[in-house]
Amino acid sequence: MVSLTIRKLFRWSLLILWLIFVIFLSCQSGNESGGLSHWMANNIFGIPGDEFHTILRTCAHLGIHFILAILMYSAAYYSYDNPRAFATIIGLLVAVSDELLQFYIPGRYPELSDIIVNSTGILLGV
């Protein structure tokens, strides 16, 4: 019984930490967000240029929400009868909300293509 409680607490804690990370990334200004992905493209991957930058950003959206879905399913596994439905519904709401939040961030704006990529990450993760 104790190990199940610890397991549930651990999984929900990981999910909450990842959600905080997702919100942190979404709350970056346009300059900060673009600067981070340009820095990664140039310094980590060694590929300068806007085309790779766009691919990197798309992969980041997909990957971040893919991980979110896995963590959401994992947390819901011991808490809900249908963790797949929970992770899908809540994950899609987060994917859309994450993008709509950008209405309020300087230099950022929501894009339908990002909502589609975010949602795809959720569906693949679930």
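In which helix is His-38 found? His-38 is found in helix α2, within a chain that comprises five helices and zero strands. This is a predicted model, in which local features need pLDDT of at least 70, side-chain atom pairs count only at pLDDT 80 or more, and totals for chains, interfaces and linings use all residues. Residues are numbered from 1 along each chain as its sequence is written, and side-chain values use heavy atoms, with hydrogens and water left out.

**Overall architecture**

- The chain follows the pattern α-α-α-α-α along the sequence; helices (H or I, at least four residues) and strands (E, at least two) are DSSP runs numbered from the N terminus.
- The C-alpha trace spans about 55 × 30 × 25 Å along its principal axes.
- Of the 126 residues in the chain, 34% are buried, where buried means under 20% relative accessible area, exposed over 50%, and partly exposed in between (1.4 Å probe, protein chains only).
- Among contacts (heavy atoms within 4.5 Å) with a separation of 6 or more, 66% join residues 24 or more positions apart.

- Helix α2 covers residues 30-44, and its 15 residues reach 20 Å from first to last C-alpha, close to the 21 Å expected at 1.5 Å a residue; the expected span is 1.5 Å times one less than the number of residues.
- The buried residues of α2 are Ser-33, Gly-34, Ser-37 and Ala-41. They lie on the same side of α2 because they cover an arc of only 95° around the axis, the arc being that of the directions from the helix axis to the C-beta atoms.
- The cover over these buried residues includes α3 (50-76).
- His-38 counts as partly exposed because its relative accessibility is 30%.
- Not counting residues up to four places away in sequence, His-38 touches Asp-50 and His-53.
- Gly-46, which follows α2, has a positive phi near 65°.

**Packing of α3 with α5**

- Two packed helices are described by the angle between their axes and the distance between the axes.
- The axes of α3 and α5 (residues 112-125) come within 7 Å and cross at roughly 40°; axes are lines fitted to C-alpha atoms, for helices over the stretch in contact, and angles run from 0 to 180 degrees between N-to-C directions.
- This crossing of α3 and α5 is right-handed, meaning that the near helix is turned clockwise from the far one by less than a right angle, whereas anticlockwise is left-handed.
- Residues making the contact include His-61, Leu-62 and Phe-66 of α3 and Val-117, Ile-122 and Leu-124 of α5.
- The contact of α3 with α5 divides into eight nonpolar, seven polar and one charged residues; Ala, Val, Leu, Ile, Met, Phe, Trp, Tyr, Cys and Pro count as nonpolar, Asp, Glu, Lys and Arg as charged, and the others, Gly among them, as polar.

- Buried residues of α4 include Phe-86, Gly-91, Val-94, Asp-98 and Glu-99.
- The axes of α3 and α4 come within 9 Å and cross at roughly 145°, and this crossing is right-handed.
- Among the residues in the contact are Met-72 and Tyr-73 of α3 and Arg-84 and Ile-90 of α4.
- By class, the contact of α3 with α4 has 11 nonpolar, three polar and three charged residues.
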